[in-house]
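Reader: Hi! Could you walk me through this model, starting with the charged side chains and then moving on to the strands?

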Amino acid sequence: MKIVVTGDTHMPGRGKGLPSRLINECETADLILHTGDWKSVDVVQILSEFAEVKGVSGNVDGEDIKELFPLQQVIQAGHVNIGLVHGHGEKKTTEKRAIEAFEGVPLDVIVFGHSHIPMLRYLNKTLLLNPGSPTDKRKLPHYSFAILHIDDGIRAELLFFDDKT
């Protein structure tokens, strides 16, 4: 199973459209996860043309997005349990807030966004993944998103690119 993981698209605003690098991967995705801060339901519609889309709402999302997506959810993808949350809030780091959002829930992967900082690492036996942003790299050198491959195990990769068209 191929899962494309993206978030913090902030469209319109940070981008007029989703980058071709992201779209190309979505064309062969079995599932697309979005970490919130969609900003527009148009992003949901675009991604839904390629595969089933699951996501959460973020701190810049309006009521239209909040009606479609919860603040957090657990997704079963094959044999893998994935916790999905945006990660915004007060105090602590985005990573710590994401971890605490699923305290006591047995998960294989926690996917979060908000910081726009791509990250891939393990905390004990749980994979932590932030795909960054395909449209708003802030002060980072590259735009990014991630892919999770679920088969007998879990293989995760961050994809970095420079041209967001």
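Predicted model: local features only at pLDDT ≥ 70, side-chain atom pairs only at ≥ 80, totals over all residues.

Reader: Great. How many salt bridges does the count come to?

Author: Six salt bridges, each being a side-chain nitrogen of Lys or Arg within 4 Å of a carboxyl oxygen of Asp or Glu.

Reader: What does Arg 21 form a salt bridge with?

Author: Its partner is Glu 25, with the closest N and O atoms 2.9 Å apart. Helices (H or I, at least four residues) and strands (E, at least two) are DSSP runs, numbered from the N terminus.

Reader: And is Glu 25 buried or exposed?

Author: Glu 25 counts as buried at 16% relative accessibility, whereas Arg 21 is partly exposed at 31%. Here buried means under 20% relative accessible area, exposed over 50%, and partly exposed in between, using a 1.4 Å probe and protein chains only.

Reader: Which residues are linked in a network with that pair?

Author: Lys 2 joins Arg 21 and Glu 25 in a network of salt bridges.

Reader: Nice. What about Lys 92?

Author: Lys 92 meets Glu 100 in a salt bridge, 2.8 Å from N to O. Lys 92 is exposed, with a relative accessible area of 52%, and Glu 100 is partly exposed at 39%.

Reader: Switching to strands: which strands does E5 pair with?

Author: Strand E4 (residues 72-77) pairs with E5 in the antiparallel sense over six bridges. E5 also pairs with strand E6 (residues 109-112), in the parallel sense over four bridges. Pairing here requires that DSSP finds at least two bridges between two strands.

Reader: How does the chain cross from E5 to E6?

Author: Through helix H4 (residues 94-101), in a right-handed β-α-β crossover. Right-handed means that, with the strands pointing away from the viewer, the path from the first strand over the helix to the second runs clockwise.

Reader: Which residues are bridge partners, and how covered is E5?

Author: Ile 75 has Ile 82 in E5 as its bridge partner, and Val 85 has Phe 112 in E6. Strand E5 (residues 80-85) is mostly covered, with five of its six residues buried.

Methods:
Residues numbered from 1 in each chain as written. Heavy atoms only, no water.
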